[in-house]
Each structure stands twice: as C-alpha cells, then as structure tokens.
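Today I am looking up salt bridges. I want to see which residues pair up and where they sit.

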Amino acid sequence: MTTVLITGASAGLGAAFARGFAAKGCDLILVARDKDRLDGVAGALAREYGTASEVLPADLLDETGLAAVAERLADHTRPVDILVNNAGFGLPAPFPYSPVEDEERMLDLLVRVPLRLTHAALPGLRERRRGAVVNVSSVAGLLPTGTYGAAKAWVTAFSESLRVDMEPHNVRVLAVVPGFTRTEFQERAGMDVSALRDAVWLEPEAVVGQALKDLALRRPVSITGRRYQAYALAARHLPRAFVARRMARRRRPPAGPDA
C-alpha cells in the first residue's frame, strides 16, 4: 500500500491531491494547521473512497511543527512513499510595500519548509528505491513576480536538480506548475482577481489529474492546459528585460496615504 504525505491538505490543491491519491487506493497523511478541517477532509475521503488517513496537525512555520512532520517522514517503521510539498501562501502587495516579516514567513514556507521535508524523506526513498517527491510550484516562477515568484522559481529549479540526483535510485521528482487555480489562495492573500476572465482559471482536479499523469510518465514538470503551456514557453524565450517591464506595469503599490 502506497502512503502519501501532503502538506496544506485541508483545502485547495492539497485537498485535491488527497482525493486524487485516495482514488488510487493510497493511504494518506494529511498535514495542515487546522485540525478540524483536516478531520473533515479525512472523513470525506473515508466515506467516498474507504481511505485510511492519518491527520497530522502542524504549523510548518513553527520549528516544533516542522520537526514533527520531518520526523514522521523519516520514520522507517512507517514508510512514506510519496511526499507532496504543497503548503504555501501569497501576499497582496509588491515586495517594497509588504512588511518584511510577512515576506520572510512566505519565503520560509515556500523554500525552507519543502527543503527540510524533502531532505527528511529522501533517505528512506533512496533506501527502498521507490517513491516520489511532488513539489507544487507556479507559473509565477517563470516571471519577475516578487518574492513569491522567486521562491517558486527555486521550487522548480530545485525539483529539476533533485530529479537528476534521485534518478539512479528510482525515485521520481515532479514540479507541478499551475496557473490561476480556483482555490482559497487568492482570497486568503487579499488579491483582487475580479478582472481575470473565466478562461484563465483552472480547476484543482484538472491540475492534480495532469500532475498524476505526468508523475506516472516520469516527466520533470507538469503544466495544465495549452494556454499555460504556451505561456510557459513564451516566458522562457522572451527577453527578460521585456518581460520585467511588462510585469512592472501590472504591479502597483497598495492604495492608501503612503502609496
């Protein structure tokens, strides 16, 4: 039986990954801060799929919580076969207008946390010569989009490098690079996305479905939809100075007396 640990599993892409792996008959370890929401997800999965879910409430920005999840990943008596690094959040304002403490917290969750958890999981995966690491990145990482985009660029580059390192050990590594997806992410970040057309939005199930296909095919990167695949291709080949100027026009300081 395959066991999958998913961070940020209480909603959004994390909950969609839980449903996707549950449909394949996997056992789950669900990680997030809110125990009540995790219990709700676990109960729904048990009713729909008969899935056994271990609920592991943890604040990954707290050293105690992070250490507890890392310890669970490193437990050789209860092996974890697949790690999904999904937890994250965004900020509404560009870097110069955000409190530096918020920027640091976001950078920790998007970079330091997956680094620590992946490092904890790898010895067991390498020893058993099977399993996978799935890192949720973003198309924001293809463009100059502040700390969030820089962190997601790191996630993609880290995943591609790790894939090379782990290939001799038969361990798969996948970077999932979604575009705008209908989750709580934008609302929690305080982002105004009212101007976005319906055509740009992805459903979480579509992102996860594509990711699971790409994982099975041992692809390095998963991008859902032709629109975002073309977007990624253009972002890689357009001059960086041109892209930076275009993105700068879209970023504005927050409204207020100091704007």
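My notes on the salt bridges follow.

**Ground rules.** I am working with a predicted model, where local features need pLDDT of at least 70, side-chain atom pairs count only at pLDDT 80 or more, and totals for chains, interfaces and linings use all residues. Residues are numbered from 1 along each chain as its sequence is written, and side-chain values use heavy atoms, with hydrogens and water left out.

**Count.** I took a salt bridge to be a side-chain nitrogen of Lys or Arg within 4 Å of a carboxyl oxygen of Asp or Glu. By that rule I get 10 salt bridges.

**Arg19 and Glu205.** I looked up this pair and found a salt bridge, with the closest N and O atoms 2.7 Å apart. It links distant parts of the chain: Arg19 is in helix H1 (residues 12-23) and Glu205 is in helix H7 (residues 204-216), 186 residues apart. Helices here are DSSP runs of H or I, at least four residues, numbered from the N terminus. Next I checked exposure: buried is under 20% relative accessible area, exposed is over 50%, and partly exposed is in between (1.4 Å probe, protein chains only). Arg19 is partly exposed at 30%. Glu205 is partly exposed at 44%.

**Arg116 and Glu63.** Here the closest N and O atoms of the salt bridge are 3.0 Å apart. This pair also links distant parts of the chain, with Arg116 in helix H4 (residues 100-128) and Glu63 in helix H3 (residues 63-73), 53 residues apart. Arg116 is partly exposed at 27%, and Glu63 is partly exposed at 43%.

**Asp75 and Arg78.** I found their side chains in a salt bridge, 3.0 Å from N to O. Shared partners join Glu54, Arg72, Asp75 and Arg78 into one network of salt bridges.

Definitions and conventions: Helix = DSSP H or I, 4+ residues; strand = E, 2+ residues; numbered from the N terminus.
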